[in-house]
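Open the structure in a viewer and keep the selection tool at hand. The stops below say what to select next and what is there.

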Amino acid sequence: MKRLFIIFTITVCLPLLACAQKKVIAQARTYVKSGKELAKAEKMMSELLADSANRGNDKIWLTLFDAVRRQYEQGNEKLYLKQSYDTATLFNTAARMFTVLEAFDSIEATPDQKGRVKLKYRDRHAAYLNTYRPNLYNGGTFFLRRQDYAKAYQLYDAYIDCARQPLFTDYRYAATDTMMPQAAYWALYAAYKQHDAGRMMQHRSMAERDSLHIDFVTQYVAEASLWTGDTATYAAMLERGFLHTPTHPFFFPRLMDYYTSIGRADSAMVTVDRMLQADSLNQLSLFAKSTLLLNKGDNDGCIDICRRLLALNDSMPDAYCNMGLAYFNKAVATDASGKPSRKLRRQVRELYSQSLPYMEKFRQLAPEQKSKWVPVLYTIYLNLNMGQQFGEIDRIRSAMEKEKTQ
């Protein structure tokens, strides 16, 4: 008896539910036809589709789309007539048109119980949306200019995503749309501005086809690799970027720092020489090479490079420092090279004398870098018997030692 009651209840309720659903759809369609309460009509249909049992109902989907489409058309007309309307709302509405019909297409493409697929609406819906697809790109640009990077990413991503949607299979966007690489670059950039490495990587491959922005793509991927601790990719991107555009300001200094940090001095030297081939007057490269030569013990080579560098820029503190240290190192090496003699002592004094003006100039230009010039000048003044200068530098050195112990 109880089972019969349940069956009776279901039998009675189903027609009532169906009747109520028809009334909701009819009301929503009335709103759409009148062009009023369109947002309400959209909400009513979305609520019906929240019930999985309704998702195969074409009328609900088509009414939902018409509600969104009419909102877009009304907004577009107001902007055309230069009436008050929010441009951001227009682009968001355009994106919803794609969301609705792409979802509906996936429902329509579901095989029936006999495995058949009937695509009644695909061609007309794809043709309609294809006309408005550029507005997804334009919307991304609009939000990018407003620095709304989350929305910009959403719109560019929707533009790119059309290429993988079955709804647009016949349009072959990935092969035919020349704007795809640019859209991918701007999507990657919007994700970069949000510090979202995951979303950046989703569009990396396509973005790397944008020859206009390839250097920036490489830079952003390198930076994102550091966020995630992927030093191998970071180094690979620096090397790729440098090989493509040696003079780009991002890659060279960071690649040099990377090679230095892992002790690859030979790779650093190859890099700096390649940079100087591209730009022989690049001061950063000349300084980097002078430092590599100094660290390698090639003091004469360092001195030669520093002369070239100071001829280009006579106010670079570190160039004076490297020049002074090269002469200083030669003095120390000469002093330790043989038995003490008057000739040897004269050579050592001459080298200290050559180091002196460069180290004093470095002190003048970089007074805060005491740890570099104090010990060198202390030794030079001592060996050149410069009593007054030695006394001053000794006091500075003593004060530094006290600071360390406090």
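Start with asparagine 282, in the loop between helix H15 (265-278) and helix H16 (283-296); helices are DSSP runs of H or I with at least four residues, numbered from the N terminus. This is a predicted model, in which local features need pLDDT of at least 70, side-chain atom pairs count only at pLDDT 80 or more, and totals for chains, interfaces and linings use all residues. Residues are numbered from 1 along each chain as its sequence is written, and side-chain values use heavy atoms, with hydrogens and water left out.

Is asparagine 282 buried or exposed? Its relative accessible area is 16%, so it counts as buried (under 20%, with exposed over 50% and partly exposed in between; 1.4 Å probe, protein chains only). Show its surroundings: leaving aside residues up to four places away in sequence, asparagine 282 touches Met275 and Leu276 (contact means heavy atoms within 4.5 Å). Its side chain also reaches the backbone nitrogen of leucine 284 at 3.2 Å.

Next, select helix H7, residues 149-161. Its 13 residues should span 18 Å at 1.5 Å a residue, counting one less than the number of residues; the end C-alpha atoms are 18 Å apart, which agrees. Buried residues in H7 include Tyr149, Ala152, Tyr153 and Tyr156. Among the elements covering the buried residues of H7 are helix H4 (87-108) and helix H9 (180-193).

Finally, colour by pLDDT, the predictor's confidence in each residue, from 0 to 100. The protein chain averages 93, and 96% of the residues score at least 70. Over residues 4-14 the pLDDT is below 50, and this stretch has one contact in the model beyond near neighbours in sequence. Where pLDDT is low, the predicted coordinates should not be read in detail.

Definitions and conventions: Helix = DSSP H or I, 4+ residues; strand = E, 2+ residues; numbered from the N terminus. Polar contact = N/O pair within 3.5 Å; in protein donor to acceptor, adjacent residues only side chain to side chain.
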